[in-house]
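The sequence and structure come first.

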Amino acid sequence: MAQDATVPKLNFGYWLDKAIEWGQATTLESQKDVCLHLPQLQGFLHQLYKTIKHSGSTVAIQQFPLIGQLLGRLCWNPFVIGYDESQKILMWCLCCLYSSEPQNSVELKANSWIRSLLCHLLSSSEWESNEAETSAFVSALGYTSEDYYCHLVKNMVVSLVTELRENQFNGLNIQGSMSDSRVNAVSIFCVPLITLPDLTPLLETLLLYHGGSSKEILSPEFLEAVNEAFLKKKISLPESAVFSLWLRHLPSLEKATLHLLDHLFSIQLNSLEEVACVMKDSLLPQASCHPAIFRIVNEIFKNALMETDGTSGVMTIIQVFTQLFLQAHQNENKQHKFPLKAYFPYHHQPLVRGLVRRPVELPTTHWSQHLKHISDMLRALVEDTNVSSLTDLFEVWFLVACFGEWLDIAAEQLLKAAVEPDAVLWLLAFYYCPKNENQQRTQTMVEAQAVYSHLMMLFSCTELSLKDLEAAVHRITGTEQCWNQCLTTHLLTNFLLFSPGGRKIAQQCIYHITKTTDTSKEVYNLLIRTAYRFNHSGEENQRTVKLLNELLQQHTLKV
């Protein structure tokens with residue numbers, strides 16, 4: 001019964017009809033249709049192989065009586081066997097049909113037929129022309145058939161690239177210029193050959209090519225295939241070509257962003273340096289120097305944050321991405337640099353300028369003043385009647401949250417520098433509790449002030465016990481309000497990192513907190529953010545760095 005249920009899902013009849021319709025793809029229309037269906041066909045063949053690989057040849061033929069006809073037709077279609085891994089999967093399927101101990105003449109004949117198909121797929125001589133004249137001509141040139149066809153592909157690519165570039169340079173109104181329909185056809189015929197290294201110059205030229213029409217002239221199947229191959233690292237393209245791909249094809253940009261998020265969530269990353277390396281390798285931070293790409297990527301990140309209820313792990317990823325984007329934007333040629341308003345068109349521009357100013361651009365002695373400036377602008381904006389809806393409030397909060405480096409510095413400056421605590425505490429209270437319904441943020445501010453006052457009394461102590469921090473710890477373990485819990489955890493963790501007595505009991509205290517509350521991820525992300533900032537800011541504090549490394553190695557702190 002399980003096998004019967006599998007058959008309809010494979011849609012075997014549909015692909016058999018297609019194989020018959022295509023034949024050996026000798027007409028222009030059939031060739032286009034084959035190219036457009038190649039990714040789905042490969043997926044079907046892979047499903048078919050998984051279905052028959054353990055069943056044996058007899059059961060496979062009983063389940064799919066026309067499987068031989070389907071595979072036989074596909075094996076003689078040059079577009080199918082030239083696409084990605086389709087040739088290999090066809091060979092796997094044929095091997096599943098081979099009878100290791102043939103019982104009758106039918107099975108013997110079937111084995112012979114399978115062997116001939118496998119030889120056809122494996123033999124390079126099958127790529128040669130069957131005409132004796134052509135074979136003699138190739139030999140006379142001093143080429144092997146493999147060399148000949150390799151040079152043929154290269155020459156074809158060079159010819160098309162030259163034609164496209166000249167066409168782009170000269171304009172589209174000259175006689176004999178390449179039509180948009182022909183460019184579209186070229187892009188379709190590239191689909192089966194996307195991963196061929198010799199084709200890369202043509203892919204790049206097509207991606208950078210723009211015709212005279214306002215509509216997209218490259219086929220969506222081509223753009224999807226290039227993006228898929230790039231994400232799977234099957235091809236390498238210049239940054240300009242990748243950026244052009246994402247600008248002209250929104251689904252590819254969305255897929256690339258989701259692919260990055262999936263990749264970051266699927267691997268164990270022990271530092272934000274590793275996160276940053278994966279992000280840079282994706283090219284998305286660099287591509288985001290174009291405002292259209294930045295705004296779409298930022299929107300996807302925002303949705304991911306909402307779907308995960310604002311988890312600290314997702315927020316940390318967004319913050320690292322924003323830092324990398326700012327670095328890329330700063331390195332942009334001034335002549336090509338877009339103004340900040342192009343990236344944040346609907347936000348209060350003085351606040352944007354304050355947040356975008358990276359901490360490394362300011363002397364550490366100016367940090368406290370800059371934080372107060374940000375807090376004052378934000379408070380005036382939030383308490384203004386113009387930010388009355390929850391949607392507007394969330395947009396302001398998300399803007400601040402993206403620049404989380406300033407929030408981490410705010411919590412640190414409260415303990416280490418002479419600051420106006422009310423302004424900085426309000427900034428942190430807003431981050432952890434942006435809504436003020438039922439005076440939630442006001443209450444959070446009161447709680448934060450009490451914790452801050454308690455910690456400042458103990459900051460200079462060289463000897464501390466867990467009991468000395470009991471009041472602060474109780475505000476974490478004794479409340480179910482996550483915003484109060486998270487803010488207090490942030491303040492206490494910084495106290496443990498930067499105070500003389502706190503360092504000595506840091507492991508014991510953090511172990512206690514993370515065992516008795518659901519704050520282990522919050523603490524872990526705070527620690528790796530602090531370690532990342534120290535590694536990139538040039539701050540000299542060997543004791544703190546050593547302590548950070550020890551805390552990060554604790555098995556209780558896992559993302």
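## Leu283 and its loop

With a relative accessible area of 11%, Leu283 is buried. The model is a predicted one, and the values in this report are computed from it. Leu283 sits in the loop that joins helix H16 (272–282) to helix H17 (284–287). Its phi is near 70°, a positive value in a residue other than glycine. Most residues other than glycine have a negative phi.

Asp84 is placed in the loop between helix H6 (78–81) and helix H7 (86–97).

Is Asp84 buried or partly exposed? Its relative accessibility is 28%, so Asp84 counts as partly exposed. The cut-off for buried is under 20% relative accessible area, and Leu283, at 11%, is buried.

Ser57 belongs to helix H4, which covers residues 57–63. Ser57 counts as buried because its relative accessibility is 12%, and buried means under 20%.

Which residues does Ser57 touch, leaving aside those up to four places away in sequence? The contacts are Cys96, Leu97, Tyr98 and Ser99. Helix H7 spans 86–97.

## Val396 in helix H23

Val396 is part of helix H23, residues 390–402. The relative accessible area of Val396 is 7%, so this residue is buried. Leu381 is 15 residues from Val396 along the chain, and the C-alpha atoms of the two are separated by 8.8 Å.

## The second largest pocket

The volume of the second largest pocket is about 970 Å³. Its lining consists of 30 residues, and those nearest the centre are Asp309, Gly310, Trp397, Tyr432 and Cys482. By class, 14 lining residues are nonpolar, ten are polar and six are charged.

Which helix gives the most to this lining? Helix H19 does, with five residues. The helices that each supply at least two residues are H18 (291–307), H19 (312–331), H23, H25 (421–432), H28 (482–498) and H30 (520–537). In terms of domains, at least three lining residues come from each of domain 3 (251–331) and domain 4 (346–557).

Definitions and conventions. Residues are numbered from 1 along each chain as its sequence is written. This is a predicted model: local features need pLDDT of at least 70, side-chain atom pairs count only at pLDDT 80 or more; totals for chains, interfaces and linings use all residues. Side-chain values use heavy atoms; hydrogens and water are left out. Helices (H or I, at least four residues) and strands (E, at least two) are DSSP runs, numbered from the N terminus. Buried means under 20% relative accessible area, exposed over 50%, partly exposed in between (1.4 Å probe, protein chains only). On a 1 Å grid over the protein atoms alone, a cavity is a set of points where a 1.4 Å probe fits but cannot get out, and a pocket is an open set with protein on both sides within 12 Å along at least five of seven lines; lining residues have an atom within 4 Å of a point. Grid points are joined across faces, edges and corners, and a volume is the space filled by probe spheres set on the points. Ala, Val, Leu, Ile, Met, Phe, Trp, Tyr, Cys and Pro count as nonpolar, Asp, Glu, Lys and Arg as charged, and the others, Gly among them, as polar. Domain bounds come from an automatic or database domain assignment. Contact means heavy atoms within 4.5 Å.
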